[in-house]
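Please find below some notes on the model, written as numbered points.

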Amino acid sequence: MAERDPYQVLGVSRGASDAEIKKSFRKLARQFHPDRNDGSTAAEAKFKEVQAAYDSIGTAEARRKHEQEQMFGGVGGGRGSPFGGMGGMGGMEDVLGQMFGKSMGGGQRRHNSPRPPQERGKNAVSWLDLSPEDAASGGSFNLTYTQLIPGSHGSIDRKRRTLSVKVNPNVKHGKEIRIKDQGHGHPQGINGDLIVNIRIDPGEGCRWDNGRIIKEVEIPYSTLILGGKVTVTLPSGVKGKISIPPLSQVGDRQRVKEIDIEFILDELDELDKSQIDALQALKDVGL
């Protein structure tokens with residue numbers, strides 16, 4: 001299974017600052033830490049995914065390396081080369097054979113031998129961000145990406161390109177659109193393809209997780225333990241109350257229409273005296 005986009009895992013935009021990325025990482029790492037989830041294997045897997053995502057884009061240097069790997073990623077071609085396989089320079093023998101009708105070994109060249117497959121550059125990968133309204137209506141949208149092309153003396157040139165991408169109405173988040181021959185170049189062949197990944201804005205305070213929109217809702221510790229009701233505002237602006245079952249835990253989810261509401265702890269910056277006294281009383285009775 002392909003690794004998820006680290007920006008999506010951390011719930012940040014591609015233009016997020018170091019501080020924004022770190023803040024989101026610390027919040028998610030705290031939420032999914034195994035020590036806070038009774039050893040849940042699902043939480044542990046999520047914690048590792050969050051850690052790996054932060055390792056990929058947590059610093060400017062890490063993001064630069066990640067973006068470079070994305071540009072060099074794709075299928076086909078030689079290992080470690082952004083342009084795919086080099087195809088070998090057996091071409092000299094082929095040229096002589098074509099000129100004189102013979103192979104280098106002196107034998108007569110077979111004219112009906114199949115031509116070797118043409119070398120291709122690697123696929124380029126990019127993302128197209130759409131609003132829910134644009135995704136519903138479809139249309140043509142401009143996409144700017146970086147294409148790697150062979151330069152002189154084995155160098156690699158970067159070319160910024162803008163293409164118009166046609167999107168069908170009611171496109172789904174995560175849909176891939178392949179555009180032929182618009183990927184990275186090859187010094188002895190043709191371009192790879194451009195793979196466009198559709199990303200639909202899930203709404204303020206929301207993120208995508210395995211095809212579902214997740215909205216985090218802060219819940220006081222007392223409500224998590226004792227149960228109760230909290231007010232939730234959906235991305236559409238609709239407000240309503242949901243019931244929190246007693247003994248709920250951080251990370252529990254409740255489905256409301258097409259949204260999964262995820263419980264997170266309402267963490268206070270400071271406590272007043274009455275709250276401290278109440279917590280001390282709980283501590284005294286073993287809670």
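1. Val 250 sits in the loop that joins strand E9 (239-244) to E10. Helices (H or I, at least four residues) and strands (E, at least two) are DSSP runs, numbered from the N terminus. This is a predicted model, in which local features need pLDDT of at least 70 and side-chain atom pairs count only at pLDDT 80 or more, while totals for chains, interfaces and linings use all residues. Residues are numbered from 1 along each chain as its sequence is written, and side-chain values use heavy atoms, with hydrogens and water left out.

2. Is Val 250 buried or exposed? Val 250 is buried, at a relative accessible area of 16%; buried means under 20% relative accessible area, exposed over 50%, and partly exposed in between (1.4 Å probe, protein chains only). Leaving aside residues up to four places away in sequence, Val 250 touches Gln 31, Asn 37, Leu 224, Phe 263, Ile 264 and Leu 265. A contact means heavy atoms within 4.5 Å. Glu 218 is 32 residues from Val 250 in sequence, and their C-alpha atoms are 9.5 Å apart in space.

3. One of the two sheets to note has 4 strands, is open, and runs in the order E6-E7-E11-E10 with mixed pairing. On average, neighbouring strands here are turned by 40° against each other, direction ignored. Axes are lines fitted to C-alpha atoms, for helices over the stretch in contact, and angles run from 0 to 180 degrees between N-to-C directions.

4. E6 pairs with strand E7 (residues 212-219) in the antiparallel sense, over 4 bridges; two strands pair if DSSP finds at least two bridges between them. Arg 207 is opposite Ile 214 in E7. Helix H2 packs on this sheet and touches E6, E7 and strand E11 (259-265), its direction making about 85° with that of E11.

5. H2 (residues 18-32) has 15 residues and spans 21 Å from its first C-alpha to its last, close to the 21 Å expected at 1.5 Å a residue. The expected span is 1.5 Å times one less than the number of residues. Buried in H2 are Ile 21, Ser 24, Phe 25, Leu 28, Ala 29, Gln 31 and Phe 32. They cover an arc of only 160° around the axis, which puts them on the same side of H2; the arc is that of the directions from the helix axis to the C-beta atoms. Ala 19, Lys 23 and Arg 26, on the other side of H2, are exposed. An α-helix has 3.6 residues a turn, so residues three or four places apart point the same way.

6. Helix H3 (residues 41-57) has 17 residues and reaches 25 Å between its end C-alpha atoms, close to the 24 Å expected. Its buried residues are Ala 43, Lys 46, Phe 47, Val 50, Ala 53, Tyr 54 and Ile 57. Seen down the axis of H3, these fall within an arc of 125°, so they line one face of the helix. Thr 41, Lys 48 and Asp 55 are exposed on the other side of H3.

7. Another open sheet has 3 strands in the order E1-E5-E4, again with mixed pairing. Which strands stand at its edges? Strand E1 (124-130) and strand E4 (176-179) do, each with a single partner strand, so one side of each lacks a neighbour in the sheet. Neighbouring strands of this sheet are turned by 25° against each other on average, direction ignored. E1 and E5 pair in the parallel sense over 7 bridges, with Val 125 partnered by Ile 195 in E5. E4 and strand E5 (residues 194-200) run antiparallel and are joined by 4 bridges; Ile 177 has Val 196 in E5 as its bridge partner.

8. E5 is mostly covered, with 7 of its 7 residues buried. Leu 194, Val 196, Ile 198 and Ile 200 point one way from E5, and Ile 195, Asn 197 and Arg 199 point the other way. In a regular strand the side chains alternate between the two faces of the sheet.

9. For the protein as a whole, there are 8 helices and 11 strands. Of its 287 residues, 34% count as buried.
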